[in-house]
Amino acid sequence: MNRLQRIIKQGAFIALCCTMAACASGPRFSEMSGTIPSLAADSGRIYVYRTTVLGAAIQPSVKVNGEVVGSAVPDGFFYIDRPPGNYKITTSTEVDRDLSLTLDAAQTRYVRLGISMGFFVGHVYPELVDDAQGQSDLGTLHYTAK
Amino acid sequence: MGVPRTIGVAVWCLAGLCAGCAFDVVRLKQSPAQYEAVPATGRTWILNDDLKVTLVSGWATPLKKGTNWRQVGKIKEGDVLTTGNQIVTVEASNLFEAYAVVDGGKVVGFFLPVERSFTPADPPVSIDLRLKD
């Protein structure tokens, strides 16, 4: 029995290490927010972030209008500045999940990446959240560059 | 062919069938909309009650009591209203930012500004808006 318990503990420890290794490790938003450049008057900003570590091994690329701009790293965030216009945020696992949104000049939008059950792997999907929720979520997340 | 092998083949066939199925099973019913922006009037309406709108396909964010709404445009189906107080999306297998479309005191559907399309409510529901002072 002791041997079984030891194996279980070791397995849990390894799983925890793997999960931690899969998470973002850059500076936290709260530590670096002062260094993030101000938004240009003729641009908007989109923060993309993932709070959940569930399905940490699944880290699909995040595309904006077809261009890869980052990855869905658990506990991580990144941002992009773009001209005002229409944008489609896409994550791809075994399926594509799209979010379409508008971006105005001087506007900041927050896109949270969630995870749902899939057939073979989980599905990472983008959702638009309000400013208060987005700002609250970002605080403890780590910066992940492209 | 032994029984274990038969079961193995069956499992792989089932997996293949399922994998071949489209996950994008819920498509939002949309029709193109001719959107016409209207000049800002400064008039704002307050939503007096929470409002849940069901769609022909997909789901819409419930509209929250106390949110401020202003008209930004119109389409054939009605006036297009938006709010800065909550995020409004309609969702099927994908998510779309959405503006409410109101006609005759009812939400008749949603306008999708990126897709420039309209998705209808089923049924249209009365909306209780009052003009903000």
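Which strands of chain A does helix 3 lie across? In this predicted model, helix 3 of chain A, made up of residues 131-138, lies across strand 1, strand 4, strand 7 and strand 8 of that chain. Its direction is set at about 70° to strand 7, which covers residues 108-116.

Those strands belong to an open sheet in chain A, where 5 strands line up in the order 8-7-1-4-9 with mixed pairing. Strand 8 (123-129) and strand 9 (142-143) stand at the edges with a single partner strand each, so one side of each has no neighbour in the sheet. Further in, strand 1 (residues 44-50) meets strand 4 (residues 76-82) in the antiparallel sense, and 7 bridges link the pair. Here A:Val48 sits opposite A:Phe78 of strand 4.

A:Val48 turns up again in the largest nonpolar core, which holds 55 residues; together with B:Val101 and B:Phe111, A:Val48 touches the most other members. Strand 10 of chain B (residues 106-112) supplies the largest share of this core, with 5 residues. As for B:Val101, its contacts beyond four places away in sequence include B:Ile75, B:Val80, B:Val107, B:Phe111 and B:Phe118.

Back in chain A, there is also a hairpin to look at: strand 2 and strand 3 form it, with 2 residues between them. In the turn, A:Asn65 has a positive phi of about 50°. Strand 2 (residues 61-64) and strand 3 (residues 67-71) run antiparallel and are joined by 4 bridges, with A:Ser61 standing opposite A:Ser71.

Technical notes:
Residues are numbered from 1 along each chain as its sequence is written. Chains are lettered from A and ligands numbered from 1 in the order in which they are written. This is a predicted model: local features need pLDDT of at least 70, side-chain atom pairs count only at pLDDT 80 or more; totals for chains, interfaces and linings use all residues. A nonpolar core is a set of buried Ala, Val, Leu, Ile, Met, Phe, Trp, Tyr and Cys residues joined through C-beta atoms within 7 Å. A residue is buried if 20 or more other C-beta atoms lie within 10 Å of its own, exposed if 12 or fewer, and partly exposed in between; C-beta atoms are placed from the backbone. Two residues are in contact if their C-beta atoms, placed from the backbone, lie within 7 Å. Two strands pair if DSSP finds at least two bridges between them. Axes are lines fitted to C-alpha atoms, for helices over the stretch in contact, and angles run from 0 to 180 degrees between N-to-C directions.
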